[in-house]
Amino acid sequence: MALYLDENWTPAEIKAAGFAAATVDWVIKAVHRSEFKRRQTAPGLRVTTNPLGPKRRLPVAGKFQV
């Protein structure tokens, strides 16, 4: 699966490298069948040094007093 997804090899190239044709076909079909799961995930978190932005200086919650 790494050759197909990471290295962008074609199924014919993977089979020529010595992998069983039935296994290669099954794995590629499984990858394509489960592709919808990758699109259903939540968007990733934004990780920065200041996650609240440059304008916000006060905590959002809590008993903060100025």
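1. Contact here means heavy atoms within 4.5 Å, and helices are DSSP runs of H or I with at least four residues, numbered from the N terminus. The buried residues themselves are Val24, Ile28 and Val31. They span an arc of only 60° around the axis, so they sit on the same side of α3; that arc is taken over the directions from the helix axis to the C-beta atoms.

2. A word on ground rules. This is a predicted model, so local features need pLDDT of at least 70 and side-chain atom pairs count only at pLDDT 80 or more, while totals for chains, interfaces and linings use all residues. Residues are numbered from 1 along each chain as its sequence is written, and side-chain values use heavy atoms, with hydrogens and water left out.

3. Back to α3: on its other side, Ala22, Trp26, Lys29 and Arg33 are exposed. Buried means under 20% relative accessible area, exposed over 50%, and partly exposed in between (1.4 Å probe, protein chains only). The helix has 13 residues and runs 18 Å from first C-alpha to last, close to the 18 Å expected at 1.5 Å a residue; the expected span is 1.5 Å times one less than the number of residues.

4. Which residue does lysine 15 form a salt bridge with? Its partner is aspartate 25, with the closest N and O atoms 3.0 Å apart. The pair ties together distant parts of the chain, ten residues apart: lysine 15 belongs to α2 (residues 11–16) and aspartate 25 to α3 (residues 21–33). The structure holds one salt bridge, the criterion being a side-chain nitrogen of Lys or Arg within 4 Å of a carboxyl oxygen of Asp or Glu. Lysine 15 is partly exposed at 31% relative accessibility, and aspartate 25 is partly exposed too, at 33%.

5. Have a look at asparagine 8, in the loop between α1 and α2. Its phi is positive, about 60°, although the residue is not a glycine. Asparagine 8 is exposed, with a relative accessible area of 62%. Leaving aside residues up to four places away in sequence, asparagine 8 touches Leu3 and Glu13.

6. Overall, the chain has four helices and zero strands. Of its 66 residues, 8% count as buried. The chain exposes about 6200 Å², with carbon and sulfur atoms supplying 59% of that; areas come from the Shrake-Rupley method with a 1.4 Å probe, and for residues only the protein chains shown count as cover.

7. On confidence, pLDDT is the predictor's own score for each residue, from 0 to 100. The chain averages 77, and 65% of the residues score at least 70. Where pLDDT is low, the predicted coordinates should not be read in detail.

Methods
Helices (H or I, at least four residues) and strands (E, at least two) are DSSP runs, numbered from the N terminus.
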